[in-house]
Amino acid sequence: MDVYVRQNDSLWYYSQLFKTNYQLIVDSNRGIDPQALMIGQQIKIPGFTSTAYKIKRGDSLWAIAKSRNLSLDALFVVNPTLNPNALQVGQTIYVPVRITWRLVQGNQNYDYETLLTDVGRLKNIYPFIRTTPIGETVLNRDIPEVLIGQGEKRVHYNGSFHANEWITTPVIMTFLNDYLLALTNQTAIRSLSMFPYYQQTLLSIVPMVNPDGVELVQNGPPEDEGLREQLVAWNNGSEDFSGWKANINGVDLNDQFPAKWELEQARNMVNEPGPANYSGKGPLTQPEAIAMANLTRKRDFARVLAFHTQGEVIYWGFEGMEPPESETIVNEFARVSGYEPVKSANSYAGYKDWYIQDWRRPGFTVELGKGTNPLPISQFDEIYQKSLGIFLAGLYM
């Protein structure tokens, strides 16, 4: 929500007026000097929107504000030209409304366009988050990253490395939405206050690593006839892509990292593009994997969590290269989720494998839910409630 600076206004005053954390207001207005506000300057207030209200006979601004648990001045700061002594029936004013509901509807089929819409809506309501593409897919779709927090501890979550594991994306996005709600409304999640984690941690989220693949699973092949024919051929002649794991080039993105890649290629024994388990012609040949590698080098994360499905297990080791604290962290993940910690999946070339190998820091692959991929969206609520503790522990451990 936007307000307009008046004489003697300050960001601190807005934080008191709207009962919103001062630091979140500062972070929502990057590039603005809090000590040098100018009259008429537009300021963003996170966690609020404004709705149009038409004046009715007998209305007063005081009564309108009281009915919405607002200070009278909250109306004036949103309506800077409003004359309280000259209200007219039918006149439109704007009334601040605190967001207390989720914008993300995770319990539905969730494709790339839904993701972009939700990222945009969250950015609009919670402008203290930062969003930027980390790269592009084979079909030139942006791969968005969301950054939240101001701390020195850099933590990373990602989802939908595998196309038919797309349910990981709405699970991650729902956690992000709940985190933002808790911050702006100053409420707790499972008795934990969120603002200290905002101060201590910079959380990087790539909710959909493989947009092309997710679109293929959700909405079928692209209109381009040549590509469509190629994909059907790779899919063993079937036009049912619900089981497709790979990117649009038929390469498994979680077999694309230089962590004993040759052993994974030999283990899979898949030598051509297809729906699953083809490692490509070499490590880091696919743009999505390259984007993730570049991001990881750039951010220098303290730990990474890659969310997959299924099995309700957490893989936390790689060839004995993981640090001692990995076991402590994974045991906490297990405690808060009921998931089983498993040191090794006896596989190679995965994102967390490469991260552990090159950084010798804690990396985890979290397998959400149980069943056969793609897991049905009917499992969403159960998956989210079990995994919520892992998302939180990723911040506080």
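Helix α6 has 18 residues, and at 1.5 Å a residue these should span 26 Å. The end C-alpha atoms of α6 are 26 Å apart, which agrees. The model is predicted. Helix α6 covers residues 168-185. It is mostly covered, with 18 of its 18 residues buried. Just after α6, Gln-186 takes a positive phi of about 55 degrees.

**The core around α6**

Which residues touch the most other members of the largest nonpolar core? They are Ile-148, Tyr-157, Phe-175 and Tyr-179, out of 68 residues in that core. Helix α6 gives the largest share of this core, 10 residues. In soluble globular proteins, nonpolar side chains tend to be buried together.

Tyr-179 has contacts beyond its neighbours within four places in sequence. Ile-148 is one of them.

**A buried loop residue**

Asn-235 lies in the loop between α9 (225-234) and α10. Is Asn-235 buried or exposed? Its relative accessible area is 8%. The cut-off for buried is under 20%, so Asn-235 counts as buried. Leaving aside neighbours within four places in sequence, Asn-235 is in contact with Asp-240, Phe-241, Trp-244 and Pro-275. Asn-235 and Ala-188 are 47 residues apart in sequence. In space, C-alpha to C-alpha, they are 46 Å apart.

Rolling a probe the size of a water molecule over the atoms shows where empty space is left.

| Pocket | Volume | Lining by class |
|---|---|---|
| Largest pocket | About 510 Å³ | 5 nonpolar, 13 polar and 10 charged residues |
| Second largest pocket | About 200 Å³ | 6 nonpolar, 3 polar and 3 charged residues |

The largest pocket holds about 510 Å³ of space. It is lined by 28 residues. Closest to its centre are Asn-254, Arg-267, Ala-345, Ser-347 and Glu-367. Four elements each supply at least two residues of this lining: α10 (261-268), β11 (303-309), α13 (351-359) and β14 (363-368).

What lines the second largest pocket? Its lining is Gln-16, Leu-17, Phe-18, Lys-19, Phe-48, Arg-68, Asn-69, Leu-70, Ser-71, Pro-96, Val-97 and Arg-98. Two or more of these residues come from each of α1 (11-17) and β4 (92-98). Strand β4 gives the largest share, 3 residues.

Methods. Residues are numbered from 1 along each chain as its sequence is written. This is a predicted model: local features need pLDDT of at least 70, side-chain atom pairs count only at pLDDT 80 or more; totals for chains, interfaces and linings use all residues. Side-chain values use heavy atoms; hydrogens and water are left out. On a 1 Å grid over the protein atoms alone, a cavity is a set of points where a 1.4 Å probe fits but cannot get out, and a pocket is an open set with protein on both sides within 12 Å along at least five of seven lines; lining residues have an atom within 4 Å of a point. Grid points are joined across faces, edges and corners, and a volume is the space filled by probe spheres set on the points. Ala, Val, Leu, Ile, Met, Phe, Trp, Tyr, Cys and Pro count as nonpolar, Asp, Glu, Lys and Arg as charged, and the others, Gly among them, as polar. A nonpolar core is a set of buried Ala, Val, Leu, Ile, Met, Phe, Trp, Tyr and Cys residues joined through side-chain atoms within 4.5 Å. Buried means under 20% relative accessible area, exposed over 50%, partly exposed in between (1.4 Å probe, protein chains only). Contact means heavy atoms within 4.5 Å. The expected span of a helix is 1.5 Å times one less than its number of residues.
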